[in-house]
Each structure stands twice: as C-alpha cells, then as structure tokens.
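Q: Could we go through this model together, a few points at a time?
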Amino acid sequence: MKLSVAIAGAEAMPNAFVVFRGVEPSIIKAHELGFDGVELALKRPDEVDKGVLKSLLRENSMEVSAVSSGQVFAARNLYFTDENKENRKELYDTFCGFIDLASDFGGLVNIGRTRGSINGRSPQLCEDLFLDMAHSVADHAQKRGVELILEPVNRYEIDFINNLDECSVLLKKVNRKNFTMMPDVFHMNIEDDHIGESLIRNKEFVRYIHFADTNRHAPGDGHMPWDEIFTALTTIGYNGWTTAEILPFPDPETAAKRSVAFLKGKYGSYYS
Ligand code: LER
Ligand code: MN
C-alpha cells in the first residue's frame, strides 16, 4: 500500500487541508519524511510547471497520487451544480486542464466540495446539473486515459453526497467506468453508519482513500477505528493509495512524521 500526503501551492487558502505548501519544497520534504507520493491540491492546472514537476519527482523517487480540486471550490467558487453557463464553462476548462495534467501525473482527478451544494434548490435539478458536467469531464478524461473520483464530504461542508451509499447511487447514474469514488475516513466518521461496513458495502467503487483522524489531525492522534478500517480494506483487497489529508497540527513536520510512523506500522501489521 502506498502512502501519499496532500500538498498545495504556496498561495493556497488558510483552510486548505494540506500539510505542506509550495509544490516544489513540499515534494522534497515529503520524500525526506518517508512518503511515496504527493496529492496536488490545486486551484488551477497551470499552477505547476510540468517539466519542473517531472524532474523533481524523478530526483526524489516520488509519484503524484492524484490531483485534487477542493481549492477550485473554496478559492474560485466553481462547482458542478452551478446553473450559470459562464461558470460552468470555466469549471469545465479547469477540469480539462487537471485531466491533462493527470494524464502525465497519477491518472486520477478528485471531485470533492467542487461538486457543489443543493442549498434550497430542487435536488433533481442539482443532480441533473451534476450529471451533465460529470459526463462532459468523463468524456475528456476517457480520451486521456484518466479517472475521476468523487469524494463524499460531510454535511457541515456541503449538502450533496455526504456518505458512501449516496455516492454509489449517484455513480450508478453517472455510469462511466472512469468515474468512481474517493472515500475520506474523516467524513465517513461523521456520516456513515459504520466505517468498515460501509467500505465493504460500497467496495465496487472504492478507488482511492483520504486518511485523517477524527479531529483531522495525523492518523493515530484521535479516536478513529483504524483496525476496523484496515480490516475492511484488506477484506475488499484494497491496495491503492492512502493519502494523509490533515491539519498541520501541532506543526507540519510533526504531523507528517506522526502520519508516516502510525500508518507504516499499520501497513506492516495488515499488509505483510
Ligand atoms: C474537504 O473536507 C475534503 O476532504 C477534501 O478532500 C474535499 O474537497
Ligand atoms: Mn478529503
């Protein structure tokens, strides 16, 4: 099982859930601390220079696990359920850029909060708006050999697709092979009935995982049922990326070191 950490550009908003900022120094730091890869939490596709990224990854034996898009929602207010045509075009272009980037780096693009909310509107209208954009971006991703991964997010951040069961229902309507799911155990702890059972029930779509503890600190620093989670992951034969998407508490380096030590310990017990 491979371990990654979410990082962002130097100008990421204070509320970005990343350990390190500044793409280039973060890759070096993440490698030194024992991660196998980085998840790029980007606002825009041109935030990274592909040539620089490629050599940095090679020099540090690192991979990009995925490109994630939370900042597109948080910093640019672009989302799949928006009715405004110009905004939809800007979002589509942004996702096509992320997909093109992911075709060289990692092959996966996340859709978290940027799916948007319902916010008092017709749920059917919002679902139709989501599906329309989902199909458009999936078509572009298909041409580039890239996959999209939809992340259930807790009710305090968004009111549309909060748990894995709801996500699976929607993914069946999307009905594209390159459109699956990114569970995040922080959100599952709030929304899903039992984390292990839900992972097993929705296993057909589980493609990538975000890890944090219940307080969104480093794994091991809260009361997340990690043994239930690892038992479920081994039961479903999950062997993909696990990405620490955590708050930099008490400081970025300590949070990163604790994540690596705790998770590598669990990988040793469950995957050797
Ligand atoms: C936000 O809480 C989160 O988990 C992100 O990965 C989704 O945008
Ligand atoms: Mn997440």
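Q: What kind of model is it, and what do the totals use?
A: This is a predicted model, in which local features need pLDDT of at least 70, side-chain atom pairs count only at pLDDT 80 or more, and totals for chains, interfaces and linings use all residues. Residues are numbered from 1 along each chain as its sequence is written, chains are lettered from A and ligands numbered from 1 in the order in which they are written, and side-chain values use heavy atoms, with hydrogens and water left out.

Q: Strand 4 next: why is it described as largely enclosed by the rest of the structure?
A: Because five of the six residues of strand 4 (residues 63-68) are buried. Buried means under 20% relative accessible area, exposed over 50% and partly exposed in between, with a 1.4 Å probe and protein chains only. Strands (E, at least two residues) and helices (H or I, at least four) are DSSP runs numbered from the N terminus.

Q: In what sense do strand 3 and strand 4 pair?
A: Strand 3 (residues 37-41) pairs with strand 4 in the parallel sense, over five bridges; pairing requires that DSSP finds at least two bridges between the strands. Glu39 has Ala66 of strand 4 as its bridge partner.

Q: Now the core: which residues touch the most other members?
A: Phe35, Phe130, Leu148, Phe179 and Phe211 do, in the largest nonpolar core, which has 85 residues. Such a core is a set of buried Ala, Val, Leu, Ile, Met, Phe, Trp, Tyr and Cys residues joined through side-chain atoms within 4.5 Å. Helix 5 (residues 123-144) supplies the largest share of this core, eight residues.

Q: And which residues are around ligand 1?
A: Among them are Phe17, Gly70, Arg113, Glu151, Asp184, His210 and Glu245, each with a heavy atom within 4 Å of the ligand. A side-chain N or O atom of Glu151 is 2.7 Å from an oxygen atom of ligand 1, and for Arg113 the corresponding distance is 3.2 Å. A polar side-chain atom of His210 lies 3.4 Å from a ligand oxygen atom. A polar contact here is a pair of N or O atoms within 3.5 Å.

Q: One more: where is Pro45 found?
A: Pro45 is in the loop between strand 3 and helix 2. It counts as partly exposed because its relative accessibility is 23%.

Q: What does Pro45 touch?
A: Not counting residues up to four places away in sequence, Pro45 touches Thr94, Gly97, Phe98 and Leu101, where contact means heavy atoms within 4.5 Å.

Conventions: A polar contact is a pair of N or O atoms within 3.5 Å; within protein, one must be able to donate a hydrogen and the other to accept it, and residues adjacent in sequence count only if both atoms are side-chain atoms.
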